[in-house]
Amino acid sequence: MDMINAIGRRKSSVARVYLTKGNGQIVVNGKKIEEYFTQPHIQANIKAPFQTVELENAYDLKVIVDGGGFKGQSEAIRMAVSRALVKLNEDFRKPLKDKKFLTRDAREVERKKYGKPKARKSFQFSKR
């Protein structure tokens, strides 16, 4: 096993993940995970697939993520990591699928329509 790569998407975020043998080091866009994602629950979101298949500190991750906010980015990374783990071992598919880590959440922001202040919000209606 040299290097396994996978892509994950969420909202407008796209994450490319490179999985190699190592000691659990995670680098996101050239920074450590603690520097890039400062909130602990977001860090836990990224590490969740490893905990599901009980492989914490067995592999190093190099992540390139682009677009969206930190929540969408973290969920895109989570999906990419899950896909990479399935490429590593097909037996990991069931536990990851049960937690819905392999499912693409296709919800996107609805576009703004003309004549309205937002996508669906309307101006106050006056009958008289």
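Analyst: Happy to! Setting aside neighbours within four places in sequence, Asp60 is in contact with Tyr18, Leu19, Thr20, Lys21, Gly22, Asn23, Gly24 and Gln25. This is a predicted model, in which local features need pLDDT of at least 70 and side-chain atom pairs count only at pLDDT 80 or more, while totals for chains, interfaces and linings use all residues. Residues are numbered from 1 along each chain as its sequence is written, and side-chain values use heavy atoms, leaving out hydrogens and water.

User: What makes those residues contacts of Asp60?

Analyst: Contact means heavy atoms within 4.5 Å, and the listed residues, including Gly24 and Gln25, count as contacts of Asp60.

User: Which polar contacts does the side chain of Asp60 make with backbone nitrogens?

Analyst: A polar contact is a pair of N or O atoms within 3.5 Å; within protein, one must be able to donate a hydrogen and the other to accept it, and residues adjacent in sequence count only if both atoms are side-chain atoms. The side chain of Asp60 reaches the backbone nitrogen of Gly24 at 3.1 Å, and a polar atom of that side chain lies 2.9 Å from the backbone nitrogen of Gln25. Both distances are within 3.5 Å, so both pairs qualify.

User: Why is Arg10 called buried?

Analyst: Buried means under 20% relative accessible area, exposed over 50%, and partly exposed in between (1.4 Å probe, protein chains only). Arg10 has 8%, so Arg10 is buried. Its side chain also reaches the backbone oxygen of Arg107 at 3.5 Å.

User: How do you know whether the protein is spread out or a compact globule?

Analyst: First, the protein has four helices and five strands; helices (H or I, at least four residues) and strands (E, at least two) are DSSP runs, numbered from the N terminus. The radius of gyration is taken over C-alpha atoms, and the globule rule is 2.2 Å times the number of residues to the power 0.38. The protein has a radius of 18 Å, well over the 14 Å that the rule gives for 128 residues, so it is more spread out than a compact globule. Its C-alpha atoms fill a box of roughly 70 × 30 × 25 Å along the principal axes.
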